[in-house]
Amino acid sequence: MNESDYVPIAALNQYSYCPHRCWRMFCAGEFIDNQYTIEGTSLHDRVHTTGDINREDTWQIRAIWLKSDKYKLIGKSDLIESENGEFYPIEYKRGYKGEWDNDELQVCAQALCLEEMTGKVINTGYIYYAQSHKRQLVEISEELRESAIATIEAVQTLLFTGAMPKAIKSKRCEGCSLYSHCLPQTTEKLQRYQEGN
């Protein structure tokens with residue numbers, strides 16, 4: 001397997017949010033910006049200033065590439081901090097804490113990579129939400145690990161087969177930059193029409 005066969009860590013977040021969106025982005029190569037994606041890109045551009053610094057007892061390194069050969073994962077972290085020999089990933093997000101666990105899965109995937117790269121067990125990570133200026137603790141529990149590994153396997157299957165998951169209308173569609181390409185309500189109407197004939 002070469003690096004092009006590795007799953008991008010960000011794909012886990014997208015797949016957990018919506019498998020159809022993940023397919024459009026990572027299989028079909030589609031992406032459209034909207035105000036939310038532009039705000040997110042702007043935040044990551046500021047955060048991804050490459051380098052490392054020491055802040056009192058905490059060492060910070062930004063925009064470092066993470067990789068796991070075991071899980072076939074690759075991606076860039078926003079921030080890794082080390083304190084007293086412990087490492088933890090910090091993922092930056094533009095808004096407030098969401099209703100779903102896709103951000104936690106992304107942090108867990110980064111922790112899996114960090115564990116392989118450092119040989120240390122990673123028990124915690126954080127999500128920094130720019131709107132609230134607060135960090136949310138992410139406990140890298142066994143349950144979260146299992147969920148992340150299952151999502152990695154699902155994304156690997158998606159990327160390998162290229163099979164397009166069905167577009168399903170949900171609350172998650174609100175604000176999705178790819179909504180106009182997906183039009184899940186049209187799929188539902190077409191299915192009802194076909195069933196009626």
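These are my notebook entries on a predicted model of one protein chain.

**Ground rules.** Since the model is predicted, local features need pLDDT of at least 70 and side-chain atom pairs count only at pLDDT 80 or more, while totals for chains, interfaces and linings use all residues. Residues are numbered from 1 along each chain as its sequence is written, and side-chain values use heavy atoms, with hydrogens and water left out.

**Entry 1, the chain.** I looked up the secondary structure and found seven helices and nine strands. Helices (H or I, at least four residues) and strands (E, at least two) are DSSP runs, numbered from the N terminus. Of the 197 residues, 43% count as buried; buried means under 20% relative accessible area, exposed over 50%, and partly exposed in between, with a 1.4 Å probe and protein chains only. I then checked contacts, meaning heavy atoms within 4.5 Å. Among contacts with a separation of 6 or more, 62% come from residues 24 or more positions apart.

In α4, 14 of the 17 residues are buried. Just after the helix, glycine 119 has a positive phi of about 75°.

I looked up how α4 packs on α5 (residues 142-161): the angle is about 90° and the axes are 9 Å apart. Axes are lines fitted to C-alpha atoms, for helices over the stretch in contact, and angles run from 0 to 180 degrees between N-to-C directions. The pair is therefore roughly perpendicular, a label for 65 to 115 degrees; under 35 is roughly parallel, over 145 roughly antiparallel, and the rest oblique. From α4 the contact uses Glu104, Leu105, Cys108, Leu112 and Glu115, and from α5 Leu144, Arg145, Ser147, Ala148, Ile149, Thr151 and Ile152. By class this contact has seven nonpolar, two polar and three charged residues. Ala, Val, Leu, Ile, Met, Phe, Trp, Tyr, Cys and Pro count as nonpolar, Asp, Glu, Lys and Arg as charged, and the others, Gly among them, as polar.

A nonpolar core is a set of buried Ala, Val, Leu, Ile, Met, Phe, Trp, Tyr and Cys residues joined through side-chain atoms within 4.5 Å. The largest has 30 residues, and Leu73 and Ile140 touch the most other members. Elements giving two or more residues to this core are α1 (9-17), α2 (19-26), α4, β8 (124-129) and α5. The most come from α4, with eight residues. Another core, of six residues, lies apart from it and includes Tyr88, Tyr92, Tyr128 and Ala130.

I also listed contacts of leucine 73 beyond four places in sequence; they include Tyr6, Leu12, Ala109, Cys113 and Ile152.

Alanine 11 lies in helix α1 and is buried, with a relative accessible area of 0%. Not counting residues up to four places away, alanine 11 touches Cys22, Phe26 and Val155.

Most residues other than glycine have a negative phi. I noted that alanine 63 has a positive phi of about 55°, in the loop between β3 (58-62) and β4 (65-68). Alanine 63 counts as buried, at 9% relative accessibility. Asparagine 84 also has a positive phi, near 55°, and sits in the loop between β6 (79-83) and β7 (86-93). Asparagine 84 is exposed, at 71% relative accessible area.
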